[in-house]
Amino acid sequence: MDAEHIRELFREFGLVQVRSMFGGAGLYTDGIMFGLVSDDLIYLKTDATTAPAFEAERCAPFEYQTKKGTRALTSYWRLPDRLYDDPDELAQWARQALTVARLGVATKPAPKRGRRNVRRPA
């Protein structure tokens, strides 16, 4: 799935930047990642309040392979197939994903500021 096709799918949602990452792509708006693409499937950011809607659609969380087996990233769930043909409803789901992503950014702790690589006199 190329970037232009993804932008077309999200046209009712608004401007989406598609950035390559780990063999797939991240979906961003205003610098915030709200979705990802892997193996031509779109996954949207979820939390405890939005994941049940994905479950009701019989979708699954994003999975990837490691040396130790399959891992699931439960904060991203596969976009329901029916939404690929419904740009208005896809936009609603994307807005919810962006809201979840924004909340996650807002609640992340600030990075610790420490003295790294500071040489001390001998």
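**Buried spots and a pocket**

Q: Why is serine 38 called buried?
A: Its relative accessible area is 17%. Buried means under 20%, exposed means over 50%, and partly exposed is in between, all with a 1.4 Å probe and protein chains only. Since 17% is under the 20% cut-off, serine 38 counts as buried.

Q: How reliable must a residue be to count here, and how is it numbered?
A: This is a predicted model, where local features need pLDDT of at least 70, side-chain atom pairs count only at pLDDT 80 or more, and totals for chains, interfaces and linings use all residues. Residues are numbered from 1 along each chain as its sequence is written, and side-chain values use heavy atoms, leaving out hydrogens and water.

Q: Which residues does serine 38 contact, setting aside neighbours within four places in sequence?
A: Tyr43 and Phe62; contact means heavy atoms within 4.5 Å. Serine 38 itself sits in strand S3, residues 32–38 (strands are DSSP E runs of at least two residues, helices are H or I runs of at least four, numbered from the N terminus).

Q: How do you know whether arginine 78 is buried or exposed?
A: Set its 18% against the buried limit of under 20%, and arginine 78 comes out buried. You'll find it in strand S6, residues 69–78.

Q: What makes the arginine 78 and aspartate 81 side chains a polar contact?
A: They come to 3.2 Å. The rule asks for a pair of N or O atoms within 3.5 Å; within protein, one must be able to donate a hydrogen and the other to accept it, and residues adjacent in sequence count only if both atoms are side-chain atoms.

Q: Which residues line the largest pocket nearest its centre?
A: Met21, Phe22, Ser38, Phe62 and Tyr64, out of 14 lining residues, where lining means having an atom within 4 Å of a point. S3 gives the largest share, 4 residues.

Notes. 1 Å grid on protein atoms, 1.4 Å probe; cavity = no way out; pocket = protein on both sides within 12 Å on 5 of 7 lines; lining within 4 Å.
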